[in-house]
Amino acid sequence: MIELLLFRTGAVDIARSAFAPWLDGAAREERVLAPVWSALLRTPDGNILFDTGLHPVHVVRPDATFGPGGRGPRSASGASVSGLNVVMKDEDAVVARLAALGVRPDDVAIVVNSHLHFDHAGNNGAFPRATFIAQADHLAFAKGKPNFPGVYWDIPELTYVPVAGRSKVARGVEVVPTPGHAPGHQSLVVDLAETGRVVLTGDAAFTRANLERGEIPAMDQVAAKESLALIRSLANGDVSRIFTSHDADAWATWRHAPDAYR
Ligand SMILES: [Zn+2]
């Protein structure tokens with residue numbers, strides 16, 4: 001029996017157009033407080049963490065990663081992205097969130113990174129005993145790039161297991177490449193006994209609207225659209241079983257830890 005628990009690790013204050021390029025006029029610049037979240041999977045094969053969230057350095061220094069008015073990690077898309085502001089409280093730190101669930105960092109056997117941007121891999125260093133699963137082409141792409149700050153993930157003590165393509169992580173848990181946001185980006189597919197198959201998209205889909213419209217700002221538009229279609233098919237078209245990365249409206253409707261999807 002697998003349990004899926006979702007918890008916030010902070011938020012980003014960002015222009016709506018960063019996730020929804022189809023918006024016009026004033027709606028483009030309207031700000032949204034978008035959640036950043038991670039997931040804990042309790043499985044018979046051990047605890048698995050999906051994405052490690054924002055580093056708590058941002059509680060006191062919201063601009064710690066990219067500086068004042070810093071351009072977000074998605075500026076590589078070429079789209080004009082207004083600055084993003086990190087909004088984080090002490091209790092958002094992933095180690096604090098896990099502690100509230102009775103889980104210590106060393107109790108996490110496997111960490112799956114959708115990709116290595118700072119809001120998805122910010123606390124990799126907190127899990128020196130875990131095995132990290134990332135796509136080989138993503139690791140190669142991210143290494144040394146300023147918009148994948150290595151301080152959060154390129155740490156000698158960490159054990160990365162590069163995978164290529166769809167790969168089983170545990171019984172009922174599989175990573176599936178969903179490139180477009182970045183090369184080698186991956187999503188996590190989990191088969192739950194009661195809920196059915198769910199997909200944790202990472203930044204392959206920021207919001208439900210990305211899935212419904214088949215549109216998303218991305219580095220590689222062709223790959224990104226294929227990934228959106230793949231994600232929908234993985235969930236059999238049921239978007240209620242797809243957990244997108246930064247959707248304030250959808251987030252409000254989901255179960256949050258300590259409540260679990262089973
Ligand atoms: Zn993100």
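Predicted model: local features only at pLDDT ≥ 70, side-chain atom pairs only at ≥ 80, totals over all residues.

Residues are numbered from 1 along each chain as its sequence is written. Helices (H or I, at least four residues) and strands (E, at least two) are DSSP runs numbered from the N terminus, and two strands are said to pair if DSSP finds at least two bridges between them.

- Seven strands make up an open sheet of mixed pairing, and their order is 4-1-2-3-5-6-7.
- The edges are formed by strand 4 (85–87) and strand 7 (159–163), each of which pairs on one side only.
- Neighbouring strands of this sheet are turned by 25° against each other on average, direction ignored, where the axes are lines fitted to C-alpha atoms and angles run from 0 to 180 degrees between N-to-C directions.

**Strand 6 and its neighbours**
- Four of the five residues of strand 6 are buried, so the strand is largely enclosed by the rest of the structure; a residue is buried if 20 or more other C-beta atoms, placed from the backbone, lie within 10 Å of its own, exposed if 12 or fewer, and partly exposed in between.
- Strand 5 (residues 108–112) pairs with strand 6 in the parallel sense over three bridges, and Ile110 has Thr131 as its bridge partner in strand 6.
- Strand 6 (residues 131–135) also runs parallel to strand 7, to which five bridges join it; here Thr131 stands opposite Thr159, and Gln135 has Val163 as its bridge partner.
- A right-handed β-α-β unit is made by strand 6, helix 4 and strand 7, right-handed meaning that, with the strands pointing away from the viewer, the path from the first strand over the helix to the second runs clockwise.

**A loop residue**
- Asn147 lies in the loop between helix 4 (136–142) and strand 7, and with 17 C-beta neighbours inside 10 Å it counts as partly exposed.
- Phe118 and Asn147 are 29 residues apart in sequence, and their C-alpha atoms are 8.0 Å apart in space.

- Strand 10 (residues 186–192) pairs with strand 11 in the antiparallel sense over five bridges, and the two form a hairpin with three residues between them.
- Five of the seven residues of strand 11 (residues 196–202) are buried, so this strand is largely enclosed by the rest of the structure.
- Strand 11 is joined by three bridges to strand 12 (residues 242–244), which runs parallel to it.
- Leu200 of strand 11 stands opposite Leu188, and its bridge partner in strand 12 is Phe243.

**Helix 6**
- Helix 6 (residues 221–234) has 14 residues and reaches 20 Å from its first C-alpha to its last, close to the 20 Å expected at 1.5 Å a residue, the expected span being 1.5 Å times one less than the number of residues.
- Its buried residues are Ala224, Ser227, Leu228 and Ile231.
- Seen down the axis of helix 6, these buried residues fall within an arc of 100°, so they line one face of the helix; the arc is that of the directions from the helix axis to the C-beta atoms.
- On the other side of helix 6, Val222, Ala229 and Ser233 are exposed.
- The buried residues of helix 6 pack against strand 10, strand 11, helix 5 (208–213) and strand 12, with contact taken as C-beta atoms, placed from the backbone, within 7 Å.

Conventions
Contact = placed C-beta atoms within 7 Å.
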